[in-house]
Amino acid sequence: MSVDNNILKELYRRMILVRCMEDTHNKLLQEGKIQLMGHFGTGQEAVAIGVTGPLRGEDILFGTHRGVGEYIGKGMAPRDIWLEYMGKRDSPCNGKGGLHLCDRKSNIPGLVASLGSDFSIAVGTALASKMRKTGQVTLYFVGEGTCNQADAHPSMCMAALWKLPVVFAICTNEFCELSYKCDHIPTKDVATRAAAYDIPFNIVDGQEIETTYEATRTAVEHARGGNGPYVVEYKTFRMSTHFSGDPGTYVNREELEAWRKRDPIDLCKEKLLDKGILSEKEDVQLRGQVQADVDAAVSAAFAAPDPSVEDLFTDVYSGKGVI
Amino acid sequence: MARTITFSQALNEAMAEELRRDPSVFIIGEDVRVSCFGQTAGLVNEFGQERVINTPIAENAITGAAMGAALNGLRPVLEIMFMDFTMLAMDQLCNNLGQWRYVTGGQYSIPLTIRTACGAGMRMGYGHSQCLQSQLIQAPGLIIVEPSTPYDAKGLLKAAIRSDDPVIVVESKKLIFGAVQGEVPEEEYTLPFGEAVIRKPGKDATVVAVGFMCYEALGAAQQLAQEGIDIEVIDLRSIVPMDKDAIFKSVEKTGRLITVEEGRIRGGLGAEISALATTEYFGLLKAPVQRVAAPMVPIGGSPALEDLYIPNKDSIVRAVKRAL
């Protein structure tokens, strides 16, 4: 299993960007400069970037609440994310999305608030792709905890019944909000549920970017080829807590330290150094550039205007005003 | 040229015409190929299984799937067989559908029509008989219409399918099962949302009704006329947006307002209309607003209990007299 060197380097850059975005968000929170709490995905970057890496521009992504990984991976600009997070007028959602990121340019149709209610929405976008013969694949990215929502069942059922081009990508990070997975899920794996619908599935390591990328590529090609849905489960570990205000008292520290030794960014860096396609010097330059870009995006977002009272009443309906 | 057709045929014609006109329109729902009540009957023969799609029994998920298709370039017409079952889809209806356009800053519209059948009188018991329109009026971003005639049914459903906003079309089961007939032109037409119609002009009191209750109100009007009482019957046709001007103009003339709905009284449409009138033109009212609605009890399985539950012309007559 080997990913093209240029692609691997780009995936590495994206993972660094995601980590930088989230660390910066955390810093802004601690400094009291931003109000929106963060649900960070530290340690899960190889999953978020690996599942979006093989997607085309026209493919559709439904992402999670955890961090910015898949949004960056699908092509959303850091500046747009900050504008949205700060609720600014010039954000893609005119300041109305908040943590619910949506970017039509990148074919990200929005993030639901009630976890899992987009399971079926993703089935619907895939249904439309099939009916319209657009060649698009919908990637539904979801945490293992959300797979307990009732709609997971009929959604997988419909996707299988109608052979839809949808990939259900399950990020198993060992935590469901403020508790361990074992409080929520009686089985070791979640992807095995796909067997109930005769949907093919794969369960892979979530720390190695090449593995997550290749497993997703296989699933996406399967779906795009008209063979119906595919389920992939990525095993990772949430190294951050549920949200920025969660001290994580319930986390087993030894386990956390053990997983930190398999940080996906470190693993990827070693590989790039081994292959001779990245030097330590280039790495320092790359990280510096990423941080500078993020800082510039943050500054631009702070300077952008807030929405006004006119915005309060626009876009409720396609016509003007509210009813 | 107008012909006389049934309420259900009018709905069927509306869907067939829109399916023919626009390749992005499709029908989706539980058993829509055979059609439990007949509204979508036969459409599969002309448009095929690809555009008339049977779904699993999973209301919230099929509503979400229809929403997803609407997000990606299609115009689904979803059937939720019984209005009672819209409660299973409340997450999509109230959390997502009507709010999506707003929270995405207008990046995505949801051109989705949801048809659902409401109403008691069919001896179907507590959970296949309710009118739950007032449960849905709190959600922003939805349009809710309820036709009472074949003409309105066809015109409003066609307008719903062409709308870029999510529209809920409420179909009274009494109008479907009772094979209520009416004149419908052969020519193409649509009706605007938010326009009520005066079914019977009158000067003594304003009765605002919706759906099948318009017929009960007209029955009450006949009975009251024998006693020399001349009521005006307004058919709302559209619940959201509501034709506030039509109600205002009528009350300006009569000074008395009675609301009629088949749903329950607490927090109902009548409460909303009453609040509107007392807030905006209290001075015009010569008597307290009267609300005719179902009581705050479940619908019993016994025909005797069900008949006691449903508002009818007698309860409207009593309410009008209280307002005089």
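Predicted model: local features only at pLDDT ≥ 70, side-chain atom pairs only at ≥ 80, totals over all residues.
**Notes on the two-chain model**

1. The axes of α5(A) and helix α3 (residues 59–71) of chain B come within 6 Å and cross at roughly 45°, and the crossing is right-handed. On the chain A side, the contact uses A:Ser120, A:Ile121, A:Ala122, A:Val123, A:Gly124, A:Thr125, A:Leu127 and A:Ala128. From α3(B) come B:Ala61, B:Gly64, B:Ala65, B:Ala66, B:Met67, B:Gly68, B:Ala69 and B:Leu71. Sorted by class, that contact has 11 nonpolar, five polar and no charged residues.

2. Now the interface as a whole. Here 36 residues of chain A are in contact with 37 residues of chain B. Which of them gives the most? That would be α5(A), with 11 residues. The side of chain A that touches chain B splits into 19 nonpolar, 12 polar and five charged residues.

3. Within chain A, have a look at helix α1 (residues 5–30) and helix α10 (residues 280–303). Their axes come within 10 Å and cross at roughly 45°, which makes α1(A) oblique to α10(A). The crossing is right-handed. A:Arg13, A:Ile16, A:Leu17, A:Cys20, A:Met21 and A:Thr24 are the α1(A) residues involved, and they meet A:Leu286, A:Arg287, A:Val290, A:Gln291, A:Val294 and A:Val298 of α10(A). By class this contact has eight nonpolar, two polar and two charged residues.

4. Helix α4 (residues 78–85) of chain A is mostly covered, with seven of its eight residues buried. The buried set is A:Pro78, A:Asp80, A:Ile81, A:Trp82, A:Leu83, A:Glu84 and A:Tyr85. These residues pack against α1, α3 (69–74) and α10 of chain A, so α4(A) touches both helices of the previous point. After α4(A) comes A:Gly87, with a positive phi near 70°.

5. Over in chain B, is strand β5 (residues 113–118) buried or exposed? Six of its six residues are buried, so the strand is largely enclosed by the rest of the structure. B:Thr113, B:Arg115 and B:Ala117 point one way from β5(B), while B:Ile114, B:Thr116 and B:Cys118 point the other way. Its neighbour, strand β4 (residues 75–82) of chain B, runs parallel to β5(B) and is joined to it by five bridges. One of the pairs has B:Val77 bridged to B:Thr113.

6. Chain B also has an open sheet of five strands, ordered β9-β11-β10-β13-β14, with mixed pairing. β9 (197–200) and β14 (290–294) are at the edges with a single partner strand each, so one side of each has no neighbour in the sheet. From one strand to the next the twist averages 25°. Inside the sheet, strand β10 (residues 205–209) and strand β11 (residues 231–235) pair in the parallel sense over five bridges, and B:Val207 has B:Val233 as its bridge partner in β11(B).

7. Last, the helices on that sheet. Helix α8 (residues 213–225) of chain B lies across β9, β10, β11 and β13 (257–264), running at about 170° to β11(B). Helix α12 (residues 313–323) of chain B packs on the sheet too, touching β10, β11, β13 and β14. The direction of α12(B) makes about 160° with that of β14(B).

Methods
Residues numbered from 1 in each chain as written. Chains lettered and ligands numbered in written order. Axes fitted to C-alpha atoms, helices over the stretch in contact; angles between N-to-C directions. Helix = DSSP H or I, 4+ residues; strand = E, 2+ residues; numbered from the N terminus. Parallel < 35°, antiparallel > 145°, perpendicular 65-115°, else oblique. Left-handed = near helix turned anticlockwise from the far one by under 90°. Contact = placed C-beta atoms within 7 Å. Nonpolar A, V, L, I, M, F, W, Y, C, P; charged D, E, K, R; others polar. Buried ≥ 20, exposed ≤ 12 C-beta atoms within 10 Å, placed from the backbone. Pairing = 2+ DSSP bridges.
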